[in-house]
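Dear colleague,

I am passing on the structure that we talked about, and my notes on it follow below. Please read them with the model open beside you.

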There are 2 protein chains.
Amino acid sequence: MTDATPLDGLIALLARLPGLGPRSARRAALHLLKRRDALMLPLAEALAETARSVKTCTTCGTLDLTDPCRICSDDTRAEGPLCIVEQVGDLWAIERTGSFKGRYHVLGGTLSALEGVGPDALGIPKLIARVQQAGTGEIILALNATLEGQTTAYYLTEALADTGAKLTRLAHGVPVGGELDYLDEGTLMAAFSARRSVE
Amino acid sequence: MTDATPLDGLIALLARLPGLGPRSARRAALHLLKRRDALMLPLAEALAETARSVKTCTTCGTLDLTDPCRICSDDTRAEGPLCIVEQVGDLWAIERTGSFKGRYHVLGGTLSALEGVGPDALGIPKLIARVQQAGTGEIILALNATLEGQTTAYYLTEALADTGAKLTRLAHGVPVGGELDYLDEGTLMAAFSARRSVE
Ligand SMILES: [Zn+2]
Ligand SMILES: [Zn+2]
């Protein structure tokens, strides 16, 4: 294919997925073309359907079919701690452990003066209001053990100090420099249950 | 997302792409959901459009928008050698070198008694008829330097002996055990121009 064709366009789009480069995108395109009915058309449909139906929860920031999401709508979770995470993928990782029965706040990133990401962009004023209104007993700062994550956790510790909630962070066990989404479930579970109070 | 949702379905489909596992499929899904208009919906459309419009050339077995493909329809290529490759990705790799101006036959695989892939499945009888009809002067066996590729090349050498065409294979330069699609273009180009006659 020397000229631009739908296939070239498809390969260019596939190459923009994390984990795929130009070469693996070409392989993926050929893989798909050999499985048009079993994989390629179902994937096209799943992309369109998911793009149309999945919403961001205006309460916690996660993705679900409903807003508020099923976690925010689940009354049995109202009494638990509030867990603050950077990304939806981190929430999924914690949910897979099955060891947490509270609710979440998904920041959607970390504070970054360089990239112009301030407290408003992460919904922190809304988070403070939510904590005050709910009378949250414990807030777990489940941020990545990276410089950005820990800087953001430090900011949150200050910002949430007046809410009266007890602030905890994940126990050591999260490798320094590591990202939650890459941990095995056992390590994450242990880190969760050994969480400790923020001084 | 604890129950089955469109998002779970999307992740399961993405995980079936070569190069993506369950974890990278989740990352890809989140990446897509953050870029619904810029990436997710265009990808859905490109998949559907490519699945609908890309055809397999009934002459050579490659993929293109027309059948016969642009290479088989290009009269300036009629005089060149015929290059036999295993997969469409190998044809693309050779086309990227810009050093070959003949036509192709894409086998679609290699002979395998174990998997029940015989000469008919690879279109070899049709290939022999094509060579005889075209009076092909040279056939380049550009198969992978793997056991399967070389077994198939050996079979083709016997099967094509009576056609009168000169049989060549790619020069050493293709690493033993290597696959064409992973070679850099310079190596592949050198291997191509130093191709030698099959004894
Ligand atoms: Zn929610
Ligand atoms: Zn063709």
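In chain B, strand 3 (residues 82-85) and strand 5 run parallel and are joined by three bridges, where two strands count as paired if DSSP finds at least two bridges between them. Helices (H or I, at least four residues) and strands (E, at least two) are DSSP runs, numbered from the N terminus. Within this pairing, B:Leu82 has B:Ile139 of strand 5 of chain B as its bridge partner. Strand 5 of chain B also pairs in the parallel sense with strand 6 (residues 166-169) of chain B, over four bridges, and there B:Leu141 stands opposite B:Arg169. From strand 5 (residues 138-141) of chain B, B:Glu138 and B:Ile140 point one way while B:Ile139 and B:Leu141 point the other way, and all are buried, buried meaning under 20% relative accessible area, exposed over 50% and partly exposed in between (1.4 Å probe, protein chains only).

Please keep in mind that this is a predicted model, in which local features need pLDDT of at least 70 and side-chain atom pairs count only at pLDDT 80 or more, whereas totals for chains, interfaces and linings use all residues. Residues are numbered from 1 along each chain as its sequence is written, chains are lettered from A and ligands numbered from 1 in the order in which they are written, and side-chain values use heavy atoms, with hydrogens and water left out.

B:Arg77 lies in the loop between helix 4 (70-73) and strand 3 of chain B, and with a relative accessible area of 7% B:Arg77 is buried. Leaving aside residues up to four places away in sequence, B:Arg77 touches B:Ile71, B:Glu95, B:Phe100, B:Lys101, B:Gly102, B:Arg103 and B:Tyr104, a contact being heavy atoms within 4.5 Å.

As for the interface, 55 residues of chain A are in contact with 55 residues of chain B. The two chains bury about 5400 Å² between them, 66% of it on carbon and sulfur atoms; buried area here is the accessible area (1.4 Å probe) that two parts lose on being put together, summed over both. The elements giving two or more residues to the side of chain A that touches chain B are helix 1 (6-14), helix 2 (22-33), helix 3 (36-53), strand 2 (63-64) and helix 5 of chain A, and helix 3 of chain A gives the most, with 15 residues.

Helix 5 (residues 88-97) of chain A is mostly covered, with nine of its ten residues buried, among them A:Trp92 and A:Glu95.

Best wishes
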